[in-house]
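Please look through the structure below before reading the notes on its core and its annotated spans.

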Amino acid sequence: MGVSNNITAVLNIIAILASIPIIASGIWLASKPDNECIANFRWPIVIIGILVFLVALTGFIGAYYNKEGLLALYLFAMALLIALLLIILVFAFVVTRPDGSYVVPDRGYKEFRLDGFSSWLRHRVTGSGSWRKIMPCLAASDVCIKLTQNYITADQFFNSHISPLQSGCCKPPTVCGYSYVSPIMWTNPVNPMADSDCNLWNNDQNQLCYNCNACNAGLLGNLRKEWRKANIILIVAVVVLIWVYVIACSAFKNAQTEDLFTRYKQGWV
């Protein structure tokens with residue numbers, strides 16, 4: 001195996017390692033309760049990570065066994081995957097840039113407005129057809145039940161840093177003026193006309209505020225927070241893959257040059 005092929009083989013080991021955090025970040029996203037309820041958002045990153053792993057493995061085999069056809073296929077496929085990852089990163093950054101959160105006085109958590117998020121994200125996730133499937137899934141999860149296990153008194157709950165999903169779906173909006181009984185039980189609203197969600201709140205644990213605009217917004221807030229975290233990992237992985245790809249292209253050209261020189265020398269002799 002020539003020097004250039006040795007370099008390409010090592011580089012593809014690095015690319016294989018770079019695919020691991022991509023797969024891990026995808027699995028992490030898919031395991032979140034909100035993503036579990038949104039089928040289309042669950043597995044794309046995992047699938048891309050697996051494809052990067054397989055393509056990098058193809059490049060390693062091609063370099064190790066000096067298979068020029070496999071190396072050419074690897075370079076073409078890796079270029080497509082890097083381009084796809086860059087498109088996903090840019091798109092995810094754009095659609096998650098708007099932040100619908102706002103500070104609530106004397107509360108440790110924030111609340112969320114639906115119109116504060118990007119129109120694409122709102123339409124894709126909270127459209128009537130989508131929400132009819134998402135709502136029972138959220139109600140069946142333990143997202144809100146966990147609050148009763150962690151917080152007992154009103155002061156504990158009001159000073160907590162609960163997730164956007166819990167803030168939007170597990171309690172009524174603060175402006176309604178409900179009295180705290182438990183994190184998922186509230187009574188006697190002082191200002192029931194302050195928000196359309198005030199009349200939608202229900203102490204039934206299968207209903208709570210799952211049909212509220214606040215719950216829609218909380219779900220979007222959760223997605224935004226999780227995708228922003230995953231994007232950091234993906235950016236690092238993409239930078240590594242681009243670095244590997246550029247050097248691998250150079251090594252592939254050098255290998256072709258070495259092969260031509262060897263053939264020329266053999267012909268001369």
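This is a predicted model: local features need pLDDT of at least 70, side-chain atom pairs count only at pLDDT 80 or more; totals for chains, interfaces and linings use all residues.

Residues are numbered from 1 along each chain as its sequence is written, and side-chain values use heavy atoms, with hydrogens and water left out.

**Nonpolar core**
- The largest nonpolar core has 72 residues; such a core is a set of buried Ala, Val, Leu, Ile, Met, Phe, Trp, Tyr and Cys residues joined through side-chain atoms within 4.5 Å.
- Helix 10 (213-268) is among the helices that supply at least two residues each, and helix 10 gives the most, with 16 residues.
- Helices here are DSSP runs (H or I, at least four residues), numbered from the N terminus.
- Met78, Phe157 and Leu241 have the most contacts inside this core.

**Two residues**
- Phe157 touches Tyr109, Leu147, Tyr151, Ile162, Lys171, Tyr180, Pro183 and Trp186 (heavy atoms within 4.5 Å), not counting residues up to four places away in sequence.
- Ser167 lies in helix 9 and counts as buried because its relative accessibility is 3%, where buried means under 20% relative accessible area (1.4 Å probe, protein chains only).
- With residues up to four places away in sequence left out, Ser167 touches Tyr109, Lys110, Glu111, Phe112 and Ile162.

**Transmembrane annotation**
- The unreviewed UniProt entry lists residues 6-31, 43-65, 71-95 and 230-248 as "transmembrane region"; such annotations may be inferred rather than shown by experiment.
- Residues 43-65 are 91% helix and 0% strand, with end C-alpha atoms 33 Å apart.
- Residues 71-95 are 100% helix and 0% strand, with end C-alpha atoms 36 Å apart.

Technical notes:
Buried means under 20% relative accessible area, exposed over 50%, partly exposed in between (1.4 Å probe, protein chains only).
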